[in-house]
Amino acid sequence: MDTMISVWTMVEHVRVASGAAELAIFTAILYWFFTSSRVADMLEVVGERVGGWCGRDTSSSLRQAVRARRRQHQEVYAKLEADVTSRNTSLYRVKEGPVVPPPQPQTRPPAGLACARCAPLSRDSWQVNSTDTGSVLNILDIGRQNFANGGVVSRYLCDLAQCCNLHNYDYKDVVPNVVKDESVQRSIEEATQEELRKARQGGNADKVEYATIRRRIEARALKVIQDISSAMSNNVLKFVAWVCHKAIRRVAGGGCATRAASVDRLRRANAAGLPLVFVPLHRSHFDYILVSFTLYLTGLRPPLVAAGDNMRIPFFGWFLRGSGAFYIRRRMEGSDYQSDPTYKSSLRSYILNSLAAHNNLEFFIEGGRTRTGKPQTPKAGILSVIMDAYLDGTIDDALLVPVTLNYDKLVDGNFVREQLGMPKQMETFWSALRGIWRTLNTNHGSIRVDFNQPISLKELVTSFQKYNHYKAPIEAPLSPPNNNNLAVNLDRQILYNHSHSSLYGADVSTEHKMMVEAIGRHVVYDAAQATALMCTNVVSYVLLTEARRGASVTALSSAVAARQAALLRDGRDLGYTGDALHATRHALDTLGKGLVRREGSGSRGIVKAQSSIAASLELSYYANTLVAHYAAPAIVATALESLLTSSQEAVTEVSQDQLVECSLQLCEVLSHEFILCAPCLRIEEKVLDAIDSLLASEVISIVKPPPGLREEEWSRRMAQRLDELDDSPARPASLKYTVHSTPAALAERRRLLLTVRPLLEAYAATCRHLQNATMKQFVKLTLDSLTDDFTHNKMVYGEAVSTDAIRNCLRLLRQWGVIEMYSENKERKLRVSAPYDSAATLDHVCNNIYKFNMDSPLLK
């Protein structure tokens, strides 16, 4: 009652009060009063009584509403007190209990570092300051990140905004400088004098004038230069970058990623002011755009790209030229272009003038796209031009950047038609349009574009000159019956057999050719070792080796997990994340039913590769990325199996000398298939390292090693690596190995045998059908024989039906002097040379291949 009197007293005071200030103060006091707890209690009582008088339910009374509101406030304070108690308890546990480290993000091994033996300065110069965790950057998200806080238009059109804001670079037209180049003018003069001489021999000396011939040759040279030259345009680059955003988002559901540390290294190297020469391995036509697209989006200058003249397609070829492509003739060796000095000098001059104008350069060192998925031996033509530019002082130095690209599923389709001997289809406007439409309507998974550490060309040249095992005089080509010194001659002989190029000058020495070949092989080897392995690569390899007879999804994923762990221990980068079961299922879905079939369902379901030749060839394309990685231990395991099966009695022990010698023989046989090691490492050392890997996996073990023998072996090999003067060190003759027969050892031997067995099947078939014929007829005959054997289950490896393997075997036989190749009526032919034209002599030399294609019980 006193409270009510106080209220009315205050109201009376307000009624007599004057002024707005007093009214505002009174209103605030009145609001506080009615929200206070005492007033709330009073109103609660009044509301309850009124509700009771009116006969209403008190459950919905004002008292219940006020109590509910109080409970909300009480719950908030109770939660705050609980949080404080929880934090205090957690801090107590942290102080009193063991320290648990926080979860760390997944890291990848450092990839793409320069060779520590050949380029130690480059390895240390371009390292980033922070630790390389192996994090990857999706280049399609750069625009979204840059314009995430922009306006509405920028957020929804982030790709277009990103492309419009890309940096404009100055690309100087070097065609006038190329026309005036001394070497080009000299080649024009030589061509003019040659035509004038031919005219005089034909009796037309009076009718032909020097000036007329000179103008015609100059016009032809200018046309050649204009056909070669690029038309790099910033506007075209931005348009193509925007189109690539849309196309890659549609094609690559997993995005297009690159390692963040690689981009940082390139930025540091670019600040040195030296030209960057990007040297990618070639898998797809998409490679032309992806490298430039990645560099452009990450703030680096897009390079001029050497593209084959088969890419000069109407409309699409114009866009490629505007994006930096300059077109070169695909083949000059053995063609009509080989005797065209004007073209060679024009191409050399264009490349040198482009480097002098501070342009970056890109060329595919393998020449064309790989048809097998394995890295190919280098075509060192353009590399020799850059080498000449350094040696004659045109450029002070250049930084070689190996580049790797890999796809979950190949964008271009497959190369099955070409592997089966069918002619390559020429690209036209409509075929390119159909291919693009088909590609845009297929999800190809993820794409990886990775850049290795830039390597100084000057440092590589200096290092090569220190390798004494390449400086001995070149002997006659090795023939299988006289290969007792393979440990000494094999490294030098492989370089000698491969060091040829149509862009070398006439006065180039053999040592110079071998140096260019060695640097090219080093670049290819480094790029292959840094290639990110996709889940389709790992699953395909497991399907063709460990699970060739089929396996359940669970067993297959277990094998994939084991293979992943082994690859990570070897320092390889995996281009995917997640558990092995998820990766296996994703790979099976990406490969599709055309390559993988399922038998049964549920836990009893079996997954195996399709049994057709076409499916085996396409599946082997993805698996060959891992085949190249395991080539060295697979060669040693195959040589070991050859030694075990060659004896009539059961053999369980082999000597190191026998195993190394047999392995080197197989290395020579497969020298056109694999680059087993960098040229700075002896092949014999690579074989010994492979033997160590078999020891680590307990496939073999040392038989009663004498005290200190292992330390002696390790010291000897370390001394050999540090001192290149010792070319043929003596190995301990008493060292022997025993071969284990445990289930794990047998499974490992079988996996390694199946790694290279399809190649050996193709090589053996090539030797069996050797005869005088045209190249086209002989390849078809061998393919038909392999196909017939596969159809009748005489040979179970469908991937052995390969044109590439047959041609590589013919190259080997040509180096051995078994066959000769020549051209007649514009057709390539081969014939068996004497004394191998008799069946007995031919079988004797081919036995060096047959003995590795042995009938092993492990493969039954």
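Tutor: A charge sits over a ring if NZ of Lys or CZ of Arg is within 6 Å of the ring centre and within 35 degrees of the ring normal. Keep in mind that this is a predicted model.

Student: What makes Arg-831 a charge that sits over the ring of Tyr-822?

Tutor: The charged end of Arg-831 is 4.2 Å from the centre of the Tyr-822 ring, and the cut-off is 6 Å. Arg-329 likewise lies over the face of Tyr-343, with 4.0 Å to the ring centre.

Student: Why is the pair of Tyr-169 and Tyr-296 called tilted?

Tutor: A pair of aromatic rings is described by the distance of the centres and the angle of the planes. Centres must lie within 6.5 Å; planes under 30 degrees apart count as stacked and over 60 as edge-to-face, with the rest tilted. For Tyr-169 and Tyr-296 the centres are 6.3 Å apart and the planes stand at 50 degrees, so the pair is tilted.

Student: How do you know that this pair links distant parts of the chain?

Tutor: Tyr-169 is in the loop between helix H8 and helix H9, Tyr-296 is in helix H14, and 127 residues separate them. Both tyrosines are buried.

Student: Why is the pair of Phe-315 and Phe-316 called edge-to-face?

Tutor: Their ring centres are 5.5 Å apart and their planes are at 75 degrees, so the pair is edge-to-face. Both rings belong to one aromatic cluster, together with Phe-239, Trp-242, Trp-318 and Phe-319.

Student: Why does Phe-316 count as buried?

Tutor: Buried means under 20% relative accessible area. Phe-316 has 19% relative accessibility, so it counts as buried.

Student: How do you know that the buried residues of H34 line one face of the helix?

Tutor: The buried residues in H34 are Leu-842, Val-845, Cys-846, Asn-848 and Ile-849. Seen down the helix axis, they fall within an arc of 125 degrees, so they line one face. The face turned away from that side carries the exposed residues Ala-839, Ala-840 and His-844.

Student: What covers the buried residues of H34?

Tutor: The cover includes helices H28, H31 and H33.

Student: Which residues are the closest to the centre of the largest cavity, and which helix gives the most to its lining?

Tutor: The largest cavity holds about 330 Å³ of space. Of its 27 lining residues, Thr-372, Ser-620, Tyr-621, Asn-624 and Glu-799 are the closest to the centre. H26 gives the most to the lining, with 7 residues. H31 and H33 are among the elements that give two or more residues to this lining.

Technical notes. Residues are numbered from 1 along each chain as its sequence is written. This is a predicted model: local features need pLDDT of at least 70, side-chain atom pairs count only at pLDDT 80 or more; totals for chains, interfaces and linings use all residues. Side-chain values use heavy atoms; hydrogens and water are left out. Rings of Phe, Tyr and Trp (its six-membered ring) pair if their centres lie within 6.5 Å; planes under 30 degrees apart count as stacked, over 60 as edge-to-face and the rest as tilted. Helices (H or I, at least four residues) and strands (E, at least two) are DSSP runs, numbered from the N terminus. Buried means under 20% relative accessible area, exposed over 50%, partly exposed in between (1.4 Å probe, protein chains only). The arc is that of the directions from the helix axis to the C-beta atoms. Contact means heavy atoms within 4.5 Å. On a 1 Å grid over the protein atoms alone, a cavity is a set of points where a 1.4 Å probe fits but cannot get out, and a pocket is an open set with protein on both sides within 12 Å along at least five of seven lines; lining residues have an atom within 4 Å of a point. Grid points are joined across faces, edges and corners, and a volume is the space filled by probe spheres set on the points.
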